[in-house]
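My entries follow the picture.

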Amino acid sequence: MTPLIRIQREDFSLQDEIDALAAGRADIGAVVSFIGLCRDEAGTLAALELEHYPGMAEAEIGRVAAEAAARWPLIGLVAIHRYGLIRPGEQIVLVLAASVHRRAAFEAADFMMDYLKTRAPFWKREHRADGTLGGWVEAKADDDDAAERWNR
Amino acid sequence: MNAAAPIPATGTRPVRLVYFAWVRERVGMADETLDVPADLATVADLVRWLKARGENYQAAFANEAVVRAALDQVHAKPDSPLGNAREIAFFPPMTGG
């Protein structure tokens, strides 16, 4: 099982990625997908700007994916992360985990997202609706706690 | 004679430094290649050396505990040995996903 990792500016299609993952095989019993969206709770956000570390972003997500593949019996694993300007409502990240049974797929997708948030070198900054540049989004301790629980 | 005594490294070696997000803004550039003293042992030693170079580095590393580092695109800690790393990155805690 070779994980598929893509870092791209363009949007992605959940159905296209599931179709590609499942093409020509009938042994997959479960696909769990997670999509992270750009949200605007206060109505003040024009877009999020995602900066990334080219090279390391692919490498680090690849290392996380290899850990997931070692922990769960996966048939397929996909991680796509966008960079650049992303507007509220648009997709930022996709994780797909495929396995024979659902438990491994659920857990692997959850694990991937926890580690993607704390280890993948991406940084968000806000562009406000009034045209001004907002600050860099601060990392949440909750995210570190979520990743840490896989070590318990 | 103590045969196990390490030989101190001398001279300098070129290292590519890359900065991201607010670390990049505070340093004032995205990347640079510097000749760093070969006797700097750890990430923390390099940060100390950079801070002595100017106010921009002092601003970037004002709270050293917050800034993360990577050696040749692998996450590192303050006490990680620099080894022969050719590309050293500094950046804030990550906020992707």
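**Chain A, overall**

I counted four helices and eight strands in chain A. Helices (H or I, at least four residues) and strands (E, at least two) are DSSP runs, numbered from the N terminus. I read the order of elements from the N terminus as β-α-β-β-α-β-β-β-α-β-β-α.

Before going on, I noted the ground rules. This is a predicted model, where local features need pLDDT of at least 70, side-chain atom pairs count only at pLDDT 80 or more, and totals for chains, interfaces and linings use all residues. Residues are numbered from 1 along each chain as its sequence is written, chains are lettered from A and ligands numbered from 1 in the order in which they are written, and side-chain values use heavy atoms, with hydrogens and water left out.

I checked the size next. The C-alpha trace of chain A spans about 50 × 35 × 30 Å along its principal axes.

I then looked at burial. Of the 152 residues of chain A, 45% count as buried. Buried means under 20% relative accessible area, exposed over 50%, and partly exposed in between (1.4 Å probe, protein chains only). Among contacts (heavy atoms within 4.5 Å) in chain A with a separation of 6 or more, 76% join residues 24 or more positions apart.

**Cores**

Which residues touch the most other members of the largest nonpolar core? I found Leu17(B), Leu46(B), Leu50(B), Ile88(B), Phe90(B) and Phe91(B), in a core of 35 residues. Strand 1, helix 1 (21-27), strand 2, helix 2, helix 3, strand 3 and strand 5 of chain B each supply at least two residues of this core. A second, separate core has 34 residues, including Val32(A), Ala57(A), Ile61(A) and Leu74(A). A nonpolar core is a set of buried Ala, Val, Leu, Ile, Met, Phe, Trp, Tyr and Cys residues joined through side-chain atoms within 4.5 Å.

I followed helix 2 (residues 43-51) of chain B. Its buried residues are Val43(B), Ala44(B), Asp45(B), Leu46(B), Val47(B) and Leu50(B). Their cover includes strand 1 (12-19), strand 2 (31-37) and helix 3 (55-60) of chain B.

**Two residues of chain A that touch chain B**

I placed Arg119(A) in helix 3 (residues 102-119) of chain A. Arg119(A) is buried, at 17% relative accessible area. Beyond neighbours within four places in sequence, Arg119(A) is in contact with Glu60(A), Arg63(A), Val64(A), Glu67(A), His75(B) and Met94(B).

Ala139(A) sits in the loop between strand 8 (133-136) and helix 4 (141-148) of chain A. Is Ala139(A) buried or partly exposed? Ala139(A) is partly exposed, because its relative accessible area is 38%. With neighbours within four places set aside, Ala139(A) is in contact with Pro93(B), Met94(B) and Thr95(B).

**Positive phi in chain B**

Ala21(B) is not a glycine, yet has a positive phi of about 55°. Ala21(B) lies in helix 1 of chain B and is buried, at 1% relative accessibility. Gln73(B) has a phi near 70°, also positive in a residue other than glycine. I found Gln73(B) in the loop between strand 3 and strand 4 of chain B. Gln73(B) is partly exposed, at 21%.
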